[in-house]
Amino acid sequence: MTIEKTCPCGSKINYWQCCGHFIEQNHFPQTAEALMRSRYSAYSQAKMEYIQQTMLGESLQQFDHKEAKHFAEQSDWQGLTILATRLGQECDEIGQVEFIARYQLMGKPEIMHELSEFRKIEGRWYYTAGKPGTLKMGRNDACFCGSGKKYKKCCAALL
């Protein structure tokens, strides 16, 4: 009997119907956002082979499998928030996804805010680059994590 679990990417969909069929069954995401979500899920499970297989260019050349696996295993992954997508649909050749990944490292809350770039080659999306995001949150803004709380009472209190 297979235990049904919710996907780590935050979609609220069963893992196998969401990112699992990309990570475990060698299917390919049809959008840049779907690839971003599957990469987060793979990091949350320290599945570095998938991470490496979904990279191209300089990001792949600079990828340190051993270091990335150590980071992924030491982190307690708390959630993913997609802030914006630009292009990256099935009909596009390029795309960008801005996201925030929340995790704890050695008990300390951390966030990774990145604007990721993707390219589709021969019908398959790849991560090609990422640069730090520039999120500007006011203390009284709704928190980006989707909790419904004010930022100052939620994630800002953890950082």
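This is a short tour of the structure, one selection at a time.

**The whole chain**

Start with everything shown. The model is a predicted one. The protein chain has six helices and four strands. Follow the chain from the N terminus and the elements run α-α-α-α-α-β-β-β-β-α. Buried residues make up 40% of the 159 residues. Now color by surface. The chain exposes about 9300 Å², and carbon and sulfur atoms supply 49% of that.

**The sheet**

Select the four strands. They form an open sheet in the order β1-β2-β3-β4, with antiparallel pairing. Look at the edges: β1 and β4 each pair on one side only. From one strand to the next, the twist averages 30°.

Zoom in on β3 (residues 108-121) and β4 (residues 124-132). These two strands pair in the antiparallel sense over eight bridges. Pick Phe 118 and look across: Tyr 127 in β4 stands opposite.

**Helix α2**

Select residues 32-44. How far apart are the end C-alpha atoms of this helix? They are 18 Å apart. At 1.5 Å a residue, the 13 residues should span 18 Å, so the two values agree.

Is α2 enclosed or open? Ten of its 13 residues are buried, so the helix is largely enclosed by the rest of the structure. Among the buried ones are Leu 35, Met 36 and Tyr 40. Show what covers them: the cover includes α1, α3 and the strands β1, β2, β3 and β4.

Stay on α2 and show the side chains of Arg 37 and Glu 33. They meet in a salt bridge, 3.1 Å from N to O. Both residues lie in α2, four residues apart, about one turn of the helix. In an α-helix, residues three or four places apart point the same way, because there are 3.6 residues a turn. Arg 37 counts as buried because its relative accessibility is 18%, under the 20% cut-off. Glu 33 is partly exposed, at 26%.

The structure holds five salt bridges. Select Glu 24 and Lys 47. Their closest N and O atoms are 2.5 Å apart. Glu 24 lies in the loop between α1 and α2, and Lys 47 in the loop between α2 and α3, so the pair ties together parts that are 23 residues apart in sequence. Both count as partly exposed: Glu 24 at 33% and Lys 47 at 24%.

Move to Glu 110 and Lys 108. This pair also forms a salt bridge, with the closest N and O atoms 3.4 Å apart. Glu 110 is partly exposed.

**Backbone turns to check**

Most residues other than glycine have a negative phi. Which way does phi go at Asn 26? It is positive, about 60°. Asn 26 lies in the loop between α1 and α2 and counts as exposed, at 52% relative accessibility.

Finish at Glu 122, in the loop between β3 and β4. Its phi is positive too, about 50°. Glu 122 counts as exposed, at 82% relative accessibility.

Conventions
Residues are numbered from 1 along each chain as its sequence is written. This is a predicted model: local features need pLDDT of at least 70, side-chain atom pairs count only at pLDDT 80 or more; totals for chains, interfaces and linings use all residues. Side-chain values use heavy atoms; hydrogens and water are left out. The expected span of a helix is 1.5 Å times one less than its number of residues. Buried means under 20% relative accessible area, exposed over 50%, partly exposed in between (1.4 Å probe, protein chains only). Contact means heavy atoms within 4.5 Å. Two strands pair if DSSP finds at least two bridges between them. Axes are lines fitted to C-alpha atoms, for helices over the stretch in contact, and angles run from 0 to 180 degrees between N-to-C directions. Accessible areas come from the Shrake-Rupley method with a 1.4 Å probe; for residues, only the protein chains shown count as cover. A salt bridge is a side-chain nitrogen of Lys or Arg within 4 Å of a carboxyl oxygen of Asp or Glu.
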